[in-house]
Amino acid sequence: MGNLWKTQQSHQQSLTRKLLPYVLYAIIPLALLHFYLYPSPPPLLDSSSVIKDQFSNLNPIAKAEKTGNGVLDSVSEPPKEKENVNEILISSTPPPKEEESKEIASVCDYTNGKWVQEKKGPLYNGSSCGTIKDGQNCMNHGRPDMDYLYWKWQPKECNLDRFDPQLFLQILEGKHLAFVGDSMARNQLESLLCMLSSVSPPNLIYSNGDDNRFRRWHFPSHNVNVSVYWSPFLVNGIEKSSDGTINYNQLFFDSVDERWGSELDSIDMVVLSIGHWYLHPAIYHDGEVDLGCHALDSMNCTDVEFYDVFGKAFNTSLKAIIERKSKSEGNGIDVIVTTFSPHHFEGEWDQFGACSKTKPYMEEEKSLDWMDSRMRQAEVEEVEKAKTILNADNNAMPKVRVAALDVTKLAMLRPDGHPGPYMHPNPFADGIKERVQNDCVHWCLPGPIDTWNEIMLDVMKRWRASSMK
């Protein structure tokens, strides 16, 4: 029996010696592959740390909840790990840069800064975007110079990133953004549509009113609605009434224009932008009280400065938004007030060369006119009053955020950004004429007004960062 056990043991040892080289040949390549892919063992972490690290670099968009339009918001997917930079820019939110991952201030003074030249051009051009109003398509209308497209606003206190259309859409995913105001609101809206359409083309789903004053677009890629509401006074008003000899506006400051006010429950973010219509002759009312009039010497009324009633329009509008949203069980709202944008007429509006400059002013070359400064001041003061109301109202505070998009100084420094005579196609095809219609109020698209939307996105990013603290 003992000899049999020894024989079996000897046989097993011999078999082991024969198989050992083959086992080593199999293990060594696997070991080399392991050390190549994992040069050092990962540290041991508790499960909560792992989860926290996995999601620390993601940019949360909207929570999965129903908005005012009854659409369930979706949470965006993180970018794939091995996408290259160009793919990420188009298909998902870019990963945060090292400096962006640090804590950022909740606000920035965008007013103080300067226009600096940059090599990168706009995100779109006169042919690639189909929503440009004809009168602002300076490229297609033959404007010969292109230098006005290569300037960037650089604030002194913070960095203003290039507009990221993908990020903008992700922040607003499943929501409704509305622009309310006059043709300057529409100008900013059309700029935004062109910037967003560089990555996601929208569908026009509603259009109504003279000159398409009420329109809505849908971005199916992110279920975002963007609308424009014509409301040149924000409050109730009658445009261009007449006593038979003179046209004038009638304004009623006791209530907002319900063409937009009645739809606040479905709006998640609103941009208010008015101004130039307040320069026209008008009669002002507050309920049963006659406040006076402006530029109507032939009528029996008290002449009043339009700056005060201009601020009153924002006071009425912001209070209405706060009161309605604080009582509503639906979605909250973010409110942006785009401040007054000065014109750059030099001489008569139909004179050749009315706004012919081809580069920005340097800060020391130009200062705000008194009227432009007063218009801006009225808006900024009303925004600050609204913030005070919100800070004192526990019901409204979580539902409403308000900010001034303070672009008055930026706009004042850009006399080169208007269509001028190129509001019409090829205005000098038949030679230079002494009289030619000019637009020195609105902005070329693309043009300086694209910067307004860059700043707005930056405000949205800071709001989002503050809400995550």
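Trainee: If buried means under 20% relative accessible area, exposed over 50% and partly exposed in between, with a 1.4 Å probe and protein chains only, how does Trp115 come out, buried or exposed?

Mentor: Trp115 is buried, since its relative accessible area is 7%. Keep in mind that this is a predicted model, where local features need pLDDT of at least 70 and side-chain atom pairs count only at pLDDT 80 or more, while totals for chains, interfaces and linings use all residues. Residues are numbered from 1 along each chain as its sequence is written, and side-chain values use heavy atoms, without hydrogens or water.

Trainee: OK, and how many aromatic pairs are there?

Mentor: The search of the whole structure gives 13, where rings of Phe, Tyr and Trp (its six-membered ring) pair if their centres lie within 6.5 Å, and planes under 30 degrees apart are stacked, over 60 edge-to-face and the rest tilted. One of them joins Trp115 and Trp153, which is edge-to-face because the planes meet at 65°, with the ring centres 5.4 Å apart.

Trainee: Where do those two sit in the chain?

Mentor: Trp115 is in strand E1 (residues 113–117) and Trp153 in strand E2 (residues 151–155), so the pair ties together parts that are 38 residues apart in sequence; strands (E, at least two residues) and helices (H or I, at least four) are DSSP runs numbered from the N terminus. Trp153 is buried too, at 0% relative accessibility.

Trainee: Which charged residue sits over the Trp115 ring?

Mentor: That is Arg414, whose charged end is 4.5 Å from the ring centre; the rule asks for NZ of Lys or CZ of Arg within 6 Å of the centre and within 35 degrees of the ring normal. Arg143 likewise lies over the face of Tyr148, at 3.8 Å from the ring centre.

Trainee: Switching topic, how many disulfides are there?

Mentor: The count is 5, taking a disulfide as a pair of cysteine sulfur atoms within 2.5 Å. Cys108 and Cys158 form one of these, with S to S at 1.9 Å, and with -80° about the S-S bond their link is left-handed. Both of these cysteines, Cys108 and Cys158, are buried.

Trainee: What about Cys138 and Cys444?

Mentor: Their sulfur atoms are 2.0 Å apart, and the link is left-handed, with -85° about the S-S bond. The two cysteines are 306 residues apart, Cys138 in the loop between E1 and E2 and Cys444 in the loop between helix H9 (408–412) and helix H10 (450–467).

Trainee: And which hand does the Cys293 and Cys301 disulfide have?

Mentor: That disulfide is right-handed, because its S-S torsion is about 85°. Cys293 is buried at 1% relative accessibility, whereas Cys301 is partly exposed at 29%.
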